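Please walk through the structure below, from its elements to its ligand and its backbone details. The text follows that order.

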Amino acid sequence: MNFAANDYLGFSHHPEVIRAATESIEADGFGSGASRLVSGDAPVLHELEEGLAAFKGYEAALLVGSGMLANIGLLDALADRHTHLFCDRLNHASLVDGARLSRATTHRYGHLDAMGLEALLQRHGGSRNVLVSDGVFSMDGDCADVAALLGLADAHEALLVIDDAHGLGVLGESGGGLTQETGLQGHARLIEVGTFGKALGGYGAFILGTNEMIAELRQRLRTMIYSTALPACAAAATLAALKVLQQGDRVRALQMNIRSFVEQAEAMGLNLMPSRTAIQPLVVGEDEAALAASQALRDEGFFVPAIRPPTVPEGTARLRITLSAMHEEAQIESLLAALGREVA
Ligand SMILES: *Cc1c(COP(=O)(O)O)cnc(C)c1O
């Protein structure tokens, strides 16, 4: 039983998704042949961009090869050595690398510490400021306070970049993610990044923003311009996944599984980190203990990876449990029973 994947809605194996990919390959072949700016710009890429922008509540969207490429290219395009970037200490590696490549002055604030961020902005805010945060944090499963960040962005005339790779398909009434949950999607200062590699079950990524911002990124995002376009079959499959997502039942099933897991784990007194997302980390502490627990679970038939430093801070080695809409209640109960035995 796989409690390790980010394929939260089971779309990597959904028949509609597989059919869309297969039909696209049979009609147009597999690879895209070149960058979008040369000859790789298939119509389905635009159709997917329009579908994503409409679903997520933004004016426009831009596809990129992967989330890693999206974040590296985005921060490089938005910032230069005259820019100040303000980054949550636990941001994903792709945002850390993008900040480095941009040559901006980077300030890191304590995880989710809006007051610390405000103090940094007052002390260091230059004429061009960009706030940068994961939406759902990938190793902790907790969430940025988007409203607080957007308030600070307004006060300091900054842009706000939210990477909600793990929120899409998980949070929000129709699975639109953290910004949908908070009702702030589409705000003029907000640029949102998402990936197809998590709940959409595929590969590829996207950036959302105003028409003006996306038009500019289309001309300037080096990781899109100088890289082979996403294959049409990947876009066709993702478009199919997006349609199934919008039907809502898989999102509701996932949200029920999350609630059920958390309620039962709390009743058992397991040392879960506070999370209402599909990422449910269980802190074990020492590296060896986390590895041993992961191995014991594996021997019982559960795939639950141990995540250790330097991916997470020293002394917080953990089991990173991820839930899926495809898990049955009985599977969740048997995992909880095994956790009770192995992580006491
Ligand atoms: C997975 C992830 C990425 C990278 O996305 P890929 O499409 O897998 O390259 C970026 N940011 C966050 C927060 C992620 O969890």
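Helices (H or I, at least four residues) and strands (E, at least two) are DSSP runs, numbered from the N terminus. The model is a predicted one, in which local features need pLDDT of at least 70 and side-chain atom pairs count only at pLDDT 80 or more, while totals for chains, interfaces and linings use all residues. Residues are numbered from 1 along each chain as its sequence is written, and side-chain values use heavy atoms, with hydrogens and water left out.

The accessible areas themselves come from the Shrake-Rupley method with a 1.4 Å probe, and for residues only the protein chains shown count as cover. Ala60, Leu62 and Val64 point one way from S1, Ala61 and Leu63 point the other way, and all are buried. Strand S1 runs antiparallel to strand S7 (residues 205-209), and five bridges join them. Within this pairing, Leu62 has Ile207 of S7 as its bridge partner. Two strands are said to pair if DSSP finds at least two bridges between them. In general, strands of a sheet pair through backbone hydrogen bonds, either parallel or antiparallel.

Another sheet is open and consists of three strands in the order S8-S10-S9, with antiparallel pairing. Strand S8 (279-285) and strand S9 (306-307) stand at its edges, each with a single partner strand, so one side of each is left without a neighbour in the sheet. Six bridges link S8 to strand S10 (residues 317-322) in the antiparallel sense. One example is Val283, whose bridge partner in S10 is Arg318. The loop between S9 and S10 contains Pro310. The peptide bond leading from Pro309 to Pro310 is cis, with omega near 10 degrees.

Ser66 sits in the loop between S1 and H3 and is buried at 8% relative accessibility. The side chain of Ser66 reaches the backbone nitrogen of Leu69 at 3.2 Å. This is a polar contact, that is, a pair of N or O atoms within 3.5 Å; within protein, one must be able to donate a hydrogen and the other to accept it, and residues adjacent in sequence count only if both atoms are side-chain atoms.

Which element gives the most to the shell around the ligand? Helix H3 (residues 67-78) does, with three residues. In total 14 residues surround the ligand, and the closest are Gly67, Asp163, His166, Thr195 and Lys198; a residue is near a molecule or strand if one of its heavy atoms lies within 4 Å of it. By class, the shell divides into two nonpolar, nine polar and three charged residues. For this count, Ala, Val, Leu, Ile, Met, Phe, Trp, Tyr, Cys and Pro are nonpolar, Asp, Glu, Lys and Arg are charged, and the others, Gly among them, are polar.

A backbone N or O atom of Gly67 is 2.8 Å from a ligand oxygen, and a backbone N or O atom of Met68 is 2.9 Å from a ligand oxygen. From His166, an N or O atom of the side chain lies 2.7 Å from an oxygen atom of the ligand. The protein covers 86% of the 380 Å² of accessible area that the ligand has on its own.

Arg103, in the loop between helix H4 (93-102) and strand S3 (105-109), has a positive phi near 65 degrees and is exposed at 67% relative accessibility. Leu112, in the loop between S3 and helix H5 (114-124), also has a positive phi near 65 degrees, and its relative accessible area of 37% makes it partly exposed.

Technical notes: Buried < 20%, exposed > 50% of the residue type's maximum accessible area, 1.4 Å probe, protein only.
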